[in-house]
Amino acid sequence: MPAGPGGYGSPVTPADPADLAHPADEMVHVRGASEHNLRHVDVDIPRNALVVFTGVSGSGKSSLAFGTLYAEAQRRYFESVAPYARRLLQQVGAPHVQEITGLPPAVALQQRRAAATSRSTVGTITTLSNLLRMLYSRAGDYPAGAEHLAAEAFSPNTVAGACPRCHGLGVVHDVTEDLLVPDPSLSIREGAIAAWPGAWQGANLRSIVAGLGIDVDKPWRRLRKKDRDWLLFTDDQPSVLIKPERDRIDHGYYGTFWSARKHVMHVLADSTSERMRERALRFVVDTPCPDCAGSGLRPEALAVTYAAHSIAEVNALSLTDVAALLRPTTELPEETHEVAVRICTDLVARIEVLLDLGLGYLSLGRSSTTLSPGEAQRLRIATQLRSGLFGVVYVLDEPSAGLHPADAEPLLDVLEQLLSAGNSLFVVEHDLDVVRRADWVVDIGPGAGDRGGRVLYSGPVDGLDAVAESVTGAHLFGRAERLDHEVREPQGWLSLTGVTRHNLRDVSVDVPLCVLTAVTGVSGSGKSTLVSQVLADDPEAAASFDRLVVVDQRPIGRTPRSNLATYTGLFDAVRKVFAATDEARARGYGAGRFSFNVAEGRCETCQGEGFVAVELMFLPGSYAPCPTCHGARYDEDTLEVAYRGKNIAEVLALPVDEAADFLADVPAAARSLATLREVGLGYLRLGQPATELSGGEAQRIKLATELQRARRGHALYLLDEPTSGLHPADTALLLRQLHRLVDAGNTVVLVEHDLDAVATADWVIDLGPGGGDTGGRVVATGTPADVARAADSATAPYLARRLARA
């Protein structure tokens, strides 16, 4: 096994404890790591270096970097704080490892979607909003006679600053007649007021309206406007005597009237049913608050200016424009000059880090819910660069995922600055350009799931070339089989003309049919807008194809009850197999008995969740496996039924690769499992909760679900960065499936940064040249070779190098 300098490699001989404690030892020593699929891993990793963890998806990279190293650093930290303080912190469990020595404190910067709150913004994530509020408070230009405002008064998230009408949200929610009554030709009896509830409640409201003397059989548009407005918008709730009705009501009663708006707002405010809330939201429109013009601030704060801009106007500017506006000048009043210069200097310095990371197109007021995981992670990286921490390990999760190559280079420069400040970088990464710049590589594999979990190599990057079973090494050093195909000729064109949306300004472009098209460009150039919004909503596109399939990275479910098997439909086939066994028939069990969502067969202690909440009197609560079913989710009687020696819980615990063999004689399940393997998801468990899946995994599950269906006609497939977060080997698997779709006569359009994917496309549409206001136009179109020669394209030089390597 190749080894690094000083004899460090993997596997390694356990070092003498005295040597491990020696101050000259610059390594982190891991012994007996068995978290998730890790196989009692022993490995030594250098500190004060850029260390990259590589391997195919599901090989165990994150289990070692985050599940073991970071988790152990966090555990040690939590043990050092008082019990009452631990309650305030998000705790991670102790990792399955025998010993780790030489491990400094750790900070994790993970790929995760931003918290689902509209109050979190780019400014709050980076803490730039705090400095900006201080600037306006201390150095702002106040109207004559106005009182001085504290910094909190410039925040929409405080009582002192929030607009009274919208409570700082900047938007108000209301209903409109068009949404409440989509078809005015219907009568109230026929369901004209779509927002009202159905079934008995709907019939009750109709009886009340009739009792009020309003004709429920007259078409809505023929009712008096006064009556229409009252039915939809009044806050009055009169009580009306409802007389007995044949076949509906045996006894009279008093019914209370609810207007359509009052019913919708009541559901949104008080209902615990997600289904009812989602239905109610169909009738609500969000509009900018008329009092604060969408800023969320009180008038007193909006009246204060700096450089002739209110704080709301600065929050709406791109970061590039904010930096230009706030660069310190001498043209300031003497009494505020010093404080303004100091705050602006700090603000601009922090913003310039974000500009270096290619985030200049974002605004401080941009909601965190609209950020991609990659954007959010880069914001946190930039914040850490200014934190001044020394001697810590930064553990990063694919920081280059979702980045254009032009954006990845400055990201690496920023990581180098963190390293130069005396820190260590442990990076889980698939991007081979990042791997090439590493000081040390830890390669996990060789496969995913049970076929992975071993350290194949630990040492300098060049040594990985000698490891024959390393899939990463094969791709890194050019030994892997490349996906080659003849460039297809378009069989027609879909023309988009005069498109203006977000930063796209009067864009016209022709999209070729029956080929694979890659839409490229730096972050914020307008790619996702063009594909996921414009193309997806275009009426001509809808008319040109038999089907439109949008495959995005949104979760396949929001609770642990939704999983891989339930989403793909193969769980239905599995339950039917169990219901067809002799034991199940003898007991009278149907397919429903084998669903953990049905009371009939699930464990009643945990309600089919598999775990229970543990409440501790003085310590934070946590979750533990259910003491009754031990995580199986089912009751004992259900688990007694076996198919080929396994019960239903054991089948759900199988990885897709193993399940494909186990269920090979079940056609409905075999078809689903085959397509999941074809898109590189063989390592996922059948019962893996949706909450544990990455955006890329969710997208590939959706694609696999689509692939398993009978494909007829000409479909348009739209995908947004399908290779994001994939190992090159998994990317090759996915691309083969996409090309199969094109070979079957379909059109595939994907937003993409991965150069391997772009190089195999038939056609490329490159947007830019920059992000935000500097992007939004078509820079180049043509074959990959054509675009690689484009003069103004940020993609061209990187694509040219990739094509030259091929």
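1. Which residue in strand 24 is the bridge partner of T517? It is W763. This note starts from that pairing. The model is predicted, so read every point below as a description of a model.

2. Strand 18 (residues 516-520) and strand 24 run parallel and are joined by four bridges. On strand 25 (residues 777-782) the sense is antiparallel: strand 24 pairs with strand 25 over five bridges. There, G768 stands opposite R777 of strand 25.

3. The order is 19-22-23-18-24-25, and the pairing is mixed. Strand 19 (547-551) and strand 25 form the edges, each pairing on one side only. From one strand to the next, the twist averages 15°.

4. Two helices deserve a look against this sheet. Helix 29 (residues 728-743) packs on the sheet and touches strand 18, strand 22 and strand 23. The direction of helix 29 makes about 145° with that of strand 23. Helix 19 (residues 527-537) lies across strand 18, strand 19, strand 22 (715-720), strand 23 (747-751) and strand 24. Helix 19 runs at about 150° to strand 22.

5. Is strand 24 buried or exposed? Strand 24 (residues 763-768) is mostly covered, with six of its six residues buried. In a regular strand, side chains alternate between the two faces of the sheet. Here both faces are covered. W763, I765 and L767 are buried on one side. V764, D766 and G768 are buried on the other. Note that D766 is on this list of buried residues.

6. The bond from G768 to P769 is cis, with omega near 0°. P769 is in the loop between strand 24 and strand 25. G768, on the other side of that bond, is the residue opposite R777.

7. Another cis peptide bond joins G445 and P446, with omega about 5°. P446 lies in the loop between strand 14 (440-445) and strand 15 (454-459).

8. D506 is not a glycine, yet its phi is positive, at about 50°. D506 is in strand 17 (residues 504-512). D506 counts as exposed because its relative accessibility is 58%, and the cut-off for exposed is over 50%. Q607 also has a positive phi, near 60°, and is a residue other than glycine. Q607 lies in the loop between helix 23 (582-587) and strand 20 (611-614). With a relative accessible area of 32%, Q607 is partly exposed.

9. Strand 1 (residues 27-33) and strand 2 pair over five bridges. In that pairing, M27 has P46 as its bridge partner in strand 2.

10. How do helix 9 and helix 10 pack? Helix 9 (residues 260-270) and helix 10 (residues 274-281) pack at an angle of about 140°, with axes 9 Å apart. The two helices are therefore oblique to each other. Their crossing is left-handed. On the helix 9 side, the contact uses V264, V267, L268 and A269. On the helix 10 side, it uses M276, R277, A280 and L281. By class, the contact has seven nonpolar, no polar and one charged residues.

11. Last, a buried alanine. A704 lies in helix 28 (residues 695-707). A704 is buried because its relative accessible area is 1%, and buried means under 20%. A704 touches T675, L676 and V679, not counting residues up to four places away in sequence. For scale, N48 is 656 residues from A704 along the chain, and their C-alpha atoms are separated by 42 Å.

Definitions and conventions
Residues are numbered from 1 along each chain as its sequence is written. This is a predicted model: local features need pLDDT of at least 70, side-chain atom pairs count only at pLDDT 80 or more; totals for chains, interfaces and linings use all residues. Side-chain values use heavy atoms; hydrogens and water are left out. Axes are lines fitted to C-alpha atoms, for helices over the stretch in contact, and angles run from 0 to 180 degrees between N-to-C directions. Angles under 35 degrees count as roughly parallel, over 145 as roughly antiparallel, 65 to 115 as roughly perpendicular and the rest as oblique. A crossing is left-handed if the near helix is turned anticlockwise from the far one by less than a right angle, and right-handed if clockwise. Contact means heavy atoms within 4.5 Å. Ala, Val, Leu, Ile, Met, Phe, Trp, Tyr, Cys and Pro count as nonpolar, Asp, Glu, Lys and Arg as charged, and the others, Gly among them, as polar. Buried means under 20% relative accessible area, exposed over 50%, partly exposed in between (1.4 Å probe, protein chains only). Two strands pair if DSSP finds at least two bridges between them.
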